[in-house]
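Please read it beside the sequence and the structure shown here.

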Amino acid sequence: MKGLIIIGSAKRGSHTHALAQYLKGQIEEKNQEVNVFDLAERPLHTLDFTGQNPTIDAFNQNAEELKKLADEADFIILGTPNYHGSYSGILKNALDHLTMDQFKMKPVGLVNNSGGIVSAEPLSHLRIIVRSLLGIAVPTQIATHDSDYKQLEDGTYYLSDDEFQLRARLFVDQILSFAENSPYEHLK
Ligand SMILES: Cc1cc2nc3c(=O)[nH]c(=O)nc-3n(C[C@H](O)[C@H](O)[C@H](O)COP(=O)(O)O)c2cc1C
């Protein structure tokens, strides 16, 4: 079983990244493999079919790597900050580089972090996108707030809130269970 977590924050070392790291740890504790693709570290070009605008090789390689990892994944987790009441444009752009081929009948987990009023609205919006990609958005989702995190001495965020740690473990149990017991292999 192999998973992929895509993070759509504009910031390196984001809260969403910290949440992804917690989820990664829980997934690995269950002896499953997962890659974290942080778009702040591995940016992509804005989707562009003109072929007339300058491109950066590293960004093109990032897009290819993202597609490869998504192809190989048995489940995908989308992580986003709350930007203007929704998911980030960075994440949407990354999803626009992918197709149904990477999502069809795969379980998809949704997580987000807000700095203002905590909100799960970005996740409701993402559910519609996942449906369009023919993925299966699992019911348990995680919507945190900046205050659910603390920082280590070097400034690295970590998920410190007990209740969210518990929720994160339930979330991991659920998405792994969906992936392990998928009745939809023949529909992929
Ligand atoms: C463009 C932009 C729009 C934002 N809009 C909202 C918002 O609508 N509601 C909110 O609670 N926070 C909003 N924020 C604050 C972010 O949610 C906050 O910075 C949060 O810590 C981001 O999480 P991250 O560290 O995972 O990137 C916005 C931030 C940016 C950069």
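Helices (H or I, at least four residues) and strands (E, at least two) are taken as DSSP runs and numbered from the N terminus. The model is a predicted one, in which local features need pLDDT of at least 70 and side-chain atom pairs count only at pLDDT 80 or more, while totals for chains, interfaces and linings use all residues. Residues are numbered from 1 along each chain as its sequence is written, and side-chain values use heavy atoms, with hydrogens and water left out.

**Nonpolar cores**

A nonpolar core is here a set of buried Ala, Val, Leu, Ile, Met, Phe, Trp, Tyr and Cys residues joined through side-chain atoms within 4.5 Å; buried means under 20% relative accessible area, exposed over 50%, and partly exposed in between, with a 1.4 Å probe and protein chains only. The largest nonpolar core has 26 residues, and those with the most contacts inside it are Leu4, Ile6, Leu66, Leu78, Leu95 and Leu126. At least two residues of this core come from each of β1 (2-7), α2 (57-72), β3 (75-81), α3 (89-96), β4 (107-114) and α5 (121-132). Apart from this core lies another, of 24 residues, which includes Ile7, Leu19, Phe75 and Leu176. In soluble globular proteins, nonpolar side chains tend to be buried together.

Contact means heavy atoms within 4.5 Å. Leaving out residues up to four places away in sequence, Ile6 touches Phe37, Leu39, Leu66, Ile76, Ile77, Leu78, Gly79, Leu91 and Leu98. In α3 the buried residues are Leu91, Asn93, Ala94 and Leu95, and the elements that cover them include β1, α2, β3, α4 (100-103) and α5.

Not counting residues up to four places away in sequence, Leu123 touches Leu110, Val111, Asn112, Gln141, Ile142 and Ala143. Leu123 and Thr80 are 43 residues apart in sequence, yet their C-alpha atoms are 8.5 Å apart in space.

Helix α1 holds Gln26, a residue that is buried at a relative accessible area of 12%. With neighbours within four places in sequence left aside, Gln26 is in contact with Arg169 and Val172. Val172, for its part, lies in helix α6 (residues 162-180) and counts as buried at 1% relative accessibility. The contacts of Val172, under the exclusion of neighbours within four places in sequence, are with Leu23, Gln26 and Ile27. The C-alpha atoms of Val172 and Leu95 are separated by 22 Å, and these two residues are 77 residues apart along the chain.

**Loop residues**

The loop between α1 and β2 (33-38) contains Gln32, which counts as buried at 16% relative accessibility. Gln32 touches Met1, Ile27, Leu176 and Glu180, where residues up to four places away in sequence are not counted. Asn31 lies in the loop between α1 and β2 as well, but Asn31 is exposed, with a relative accessible area of 70%. Most residues other than glycine have a negative phi. Asn31, although not a glycine, has a positive phi of about 60°; Met105, also not a glycine, has a positive phi of about 60° and is found in the loop between α4 and β4.

**The ligand and its shell**

A residue is near a molecule if one of its heavy atoms lies within 4 Å of it. Of the 16 residues around the ligand, Ser9, His15, Thr16, Gly116 and Asp146 come nearest. By class, this shell has 3 nonpolar, 11 polar and 2 charged residues, where Ala, Val, Leu, Ile, Met, Phe, Trp, Tyr, Cys and Pro count as nonpolar, Asp, Glu, Lys and Arg as charged, and the others, Gly among them, as polar. Both α1 (15-29) and β4 supply at least two residues of the shell.

The table lists polar contacts, each a pair of N or O atoms within 3.5 Å.

| Residue | Protein atom | Ligand atom | Distance |
|---|---|---|---|
| Ser9 | side-chain N or O | oxygen | 2.6 Å |
| Gly85 | backbone N or O | oxygen | 3.0 Å |
| Asn113 | side-chain N or O | oxygen | 3.1 Å |

The protein covers 71% of the 630 Å² of accessible area that the ligand has on its own, with areas computed by the Shrake-Rupley method with a 1.4 Å probe.

Conventions: Polar contact = N/O pair within 3.5 Å; in protein donor to acceptor, adjacent residues only side chain to side chain.
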